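The following paragraphs examine selected elements of a single structure. Please view the sequence and the model together while reading.

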Amino acid sequence: MVTRYPVAVIPGDGIGVDVIREGVRVLDLLGETTARFALDYEWFDWGTARYHQQGSYMPEDWQKILEPFQAIYFGAVGWPSVPDHVSLWGLLLPIRKAFDQYANVRPVRLLPGLHGRLVDKGPADIDFVCVRENTEGEYSGAGGRVHRGTAHEVAVQEIIFTRYATERIIRYAFDLALDQGRSSVQSVTKSNAMQFSAVFWDEVFAEVAGSFPQIRNERYLVDAMAARFVTHPESLDVVVASNLFADILTDLGGAIQGSMGMPPSANINPTRRKPSLFEPVHGSAPDIAGKGIANPLGTIWAGQMMLDFLGQKEPAALLMQAIEGVTRDGQTLTPDLGGTSTTGEVAGAVCDHIRRLVK
Ligand code: GGG
């Protein structure tokens, strides 16, 4: 039986357009060959071009437009003609917040065949998940500037941690550890320097950890964790951190996965009352946009997470096998991974693997 799902597609800016095109092509082929699902897409041209033409990244009633969808497949946002804080707050962050996509799940896995940046660390060593708090913390958006342009100018950016959001993201991390058969959760803060918010996070972490006696819990300072990503990635299982800390750490995660083009990202509203959003971790990369050389694997992997979230477990597992087939072969890779193939050729190689796996 074919199950149909409405999916909103927002390619956004730069290489977001290049990689989403290929992600959709792969998902369509997977749906056809498995005959298990079909995605009914609606495409939205929300991005910097729209901002220049119409003055905003999204129409005023964007929440009403997106709400009926179960999932949003998103490319990237940002272009040099617009300040980055305008584009990010114009498109991606409002969606994450309004739809309460509070759990940003980012796998950090070195796929077979790829050479990460770490000497002597292979796929068996680099296999963990980062869970990023996605609605508040350093990205609360609270603050302001006064006395602009004077010697007395003041800028305030408030970091907000609520018990509600802190508790639920830590609980999500422990539940994920249980679901995935992982044995530990690592919490990341900076509680030696941040005596209010980070110490509060540590206390909540200890409380929640008490409900999961079967899962080992560990605490790290963010600076020590950055080093640990490089020196002992094999010691990590489920890393849970605030919005900004996890954002920074997962770029480091991309580097140890071989390329920023690899990691996917799922912005989840676990209640399913609002749509969740799936995107590559990477940004719009204006320097290579439109050249046909962007790595589509992070976006295809994000599509895999979307299918898994939608309940299409078997096709999702098959797609992961196909992605791993491409990296294991090592014949069809984009330049960021040391190859010479195009975006379309890599997606085509994933399709070939799907066809072979389904036969
Ligand atoms: N594909 C996601 C994207 O465009 N990200 C741009 C970015 O800078 N995101 C910041 C964030 O996730 O905090």
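**A buried arginine and a helix pair**

Setting aside its neighbours within four places in sequence, Arg-168 is in contact (heavy atoms within 4.5 Å) with Asp-100, Tyr-102 and Thr-135. The model is predicted, so local features need pLDDT of at least 70 and side-chain atom pairs count only at pLDDT 80 or more, while totals for chains, interfaces and linings use all residues. Residues are numbered from 1 along each chain as its sequence is written, and side-chain values use heavy atoms, leaving out hydrogens and water.

Arg-168 lies in helix H6, residues 163–179; helices are DSSP runs of H or I with at least four residues, numbered from the N terminus. With a relative accessible area of 13%, Arg-168 is buried, a term that denotes under 20% relative accessible area with a 1.4 Å probe and protein chains only.

Helix H12 covers residues 343–358. Its buried residues include Val-346, Ala-349 and His-353, and the buried residues of H12 pack against helices H1 (15–34), H10 (297–310) and H11 (313–329).

The axes of H1 and H12 are 10 Å apart and meet at an angle of about 15°, where axes are lines fitted to C-alpha atoms over the stretch in contact and angles run from 0 to 180 degrees between N-to-C directions. The two helices, H1 and H12, are therefore roughly parallel, the term for angles under 35 degrees. Among the residues that H1 brings to this contact are Asp-18, Glu-22 and Leu-29, and those of H12 include Gly-344, Cys-351 and Arg-355.

Note on methods: Expected span 1.5 Å × (residues − 1). Buried < 20%, exposed > 50% of the residue type's maximum accessible area, 1.4 Å probe, protein only. Parallel < 35°, antiparallel > 145°, perpendicular 65-115°, else oblique.
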